[in-house]
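Here is a walk through one part of a structure. Keep the 3D view open and follow along.

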Amino acid sequence: MNKKIQTPFTREDARSLKAGDTCLITGVIYTARDAAHKRLCELVAQGRELPMDMRNAIIYFVGPTPAKPGQAIGSAGPTTSYRMDAYSPALIAIGQTGMIGKGKRNAEVIAAMKEYGAVYFGATGGCGALLSKCIKKAEIVAYEDLGAEAIRRLEVEDFPVTVIIDSEGNNLYETGREAYLQSVQGEA
Amino acid sequence: MRNIQATQVTDVVRRLCIEANCHLTDDLKNCISACRACETFPVAQGILDQIIENYQIADTNNVPVCQDTGMACVFVDVGQDVHVEGSLEDAIHEGVKQGYAEGYLRKSVVRDPLDRVNTGDNTPAMIYYNLVPGDQIKITVAPKGFGSENMSQIKMLKPSDGLQGVKDFVLKVVEEAGPNPCPPIVVGVGIGGTFDKAAYLAKKALLRPVDSHHEEPFYADLEDELLEKINALGIGPQGFGGRTTALKVNIEKMPTHIAGLPVAVNINCHVTRHQSEVI
């Protein structure tokens, strides 16, 4: 059963979700990956204003392909999240409540998620053509010089994600695998 | 001596870049479908359904299967009786530049590993030349995504580590990669040669169709055994649990030194792309 999420995504919303929940996100989310995260965190460290409001924001770790004529955006699946581990805690501390990516996160990120109330969602890696259909509008809001890595404001409709790590630190990568292995125990 | 124009090479590379990024090969699609049929875990079934729907959308709309349209790895078998009019090397880079622009593919290459400024046209290509008999040029374009590339490893094993050491290392690499390379993965294993040759063999192994086996029965059996062991780990599609952690293990090997047993594991995601053409 899919849970519907409407942005802005508050800390209370974040705390209501559990690892393994499948959700459909509608509203505004922002893209950022390695290079944009580095710049955002430099601004945070200098106490300067960010190009978007990080409070109650969901960041999608993605660098899309260029849009073909008639498309809102090109293929747009998640990139591997651990490369953002160095930056996510600082952004969660100033109000970010959701991250969409794929792959493992480190202990510092999970600690920040628990402390402030944030969720790590997974979108299906390698399914950029499918996921792009849920993105209705995309515009660059900062760092155009970074090309695919620029920060984009996306308007999404029923964007499908799964909660990988919840605000209590429960991790689908551990529980899912265990559940599968238990389901085949005794076979063969 | 047969003359081939450099512009012909550019045209072929341009086409192959677009084709490889938008259309998975039939062997891979059949393998994914077969794995979907064998998968017992509901969450995993759902992910595999999304993967199938995704490559169908890419086929229909001529759009990239994945947004990481990769570094353009180009394998060139050059017949020794061929003369290229113009620069073969420049022609390949030009083909990548044109293909990534015309195909609306992502430009993912930085000019320097430390200053990290994007080259803006996805060049340079990573080119692997091979001199072969004949008067033809065979070009294979294999765009390589880095989510999976980053999970690859190489190890200089000792001869005494033997077959067991090779198996243990392959499983360790897959286990450590876990959900990061977007499983289900294709695993390329290179055994033997030197440090660099083992890595090359592992990458080359990823070009082999997933419905093929190594020509030597011993290595063909090893491919199957490793696949079975990997799929007993339970990582599953996207790491959410399930049987289908890997679609295929392909092994390539070559002679090596009396003191060494190099093993390289090059991981690819289900978007294992390669297209070839002969000029």
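The expected span of a helix is 1.5 Å times one less than its number of residues. Keep in mind that the model is predicted.

Start with helix H8 of chain B, residues 217–230. H8(B) has 14 residues. From first C-alpha to last, H8(B) reaches 20 Å, close to the 20 Å expected at 1.5 Å a residue.

Now look at burial, where buried means under 20% relative accessible area and exposed means over 50%. The buried residues in H8(B) are Tyr219(B), Ala220(B), Leu222(B), Glu223(B), Leu226(B), Leu227(B) and Ile230(B). Viewed down the axis of H8(B), these buried residues fall within an arc of 160°, so they line one face of the helix. An α-helix has 3.6 residues a turn, so residues three or four places apart point the same way. The face of H8(B) turned away from the buried side carries exposed Pro217(B), Asp221(B) and Glu228(B). What covers the buried residues? The cover includes helix H6 (162–177), strand E7 (185–193) and strand E8 (246–256) of chain B.

Next, turn to a sheet. Four strands of chain B form an open sheet in the order E4-E2-E5-E10, with mixed pairing. Strands E4 (126–132) and E10 (275–278) of chain B are the edges, each pairing on one side only. From one strand to the next, the twist averages 15°.

Strand E5(B), residues 137–144, runs antiparallel to E10(B), and four bridges join them. Val141(B) stands opposite Gln275(B) in E10(B). Helix H1(B), residues 6–22, packs on the sheet and touches E5(B) and E10(B). The direction of H1(B) makes about 40° with that of E5(B).

Definitions and conventions:
Residues are numbered from 1 along each chain as its sequence is written. Chains are lettered from A and ligands numbered from 1 in the order in which they are written. This is a predicted model: local features need pLDDT of at least 70, side-chain atom pairs count only at pLDDT 80 or more; totals for chains, interfaces and linings use all residues. Side-chain values use heavy atoms; hydrogens and water are left out. Two strands pair if DSSP finds at least two bridges between them. Helices (H or I, at least four residues) and strands (E, at least two) are DSSP runs, numbered from the N terminus. Axes are lines fitted to C-alpha atoms, for helices over the stretch in contact, and angles run from 0 to 180 degrees between N-to-C directions. Contact means heavy atoms within 4.5 Å. Buried means under 20% relative accessible area, exposed over 50%, partly exposed in between (1.4 Å probe, protein chains only). The arc is that of the directions from the helix axis to the C-beta atoms.
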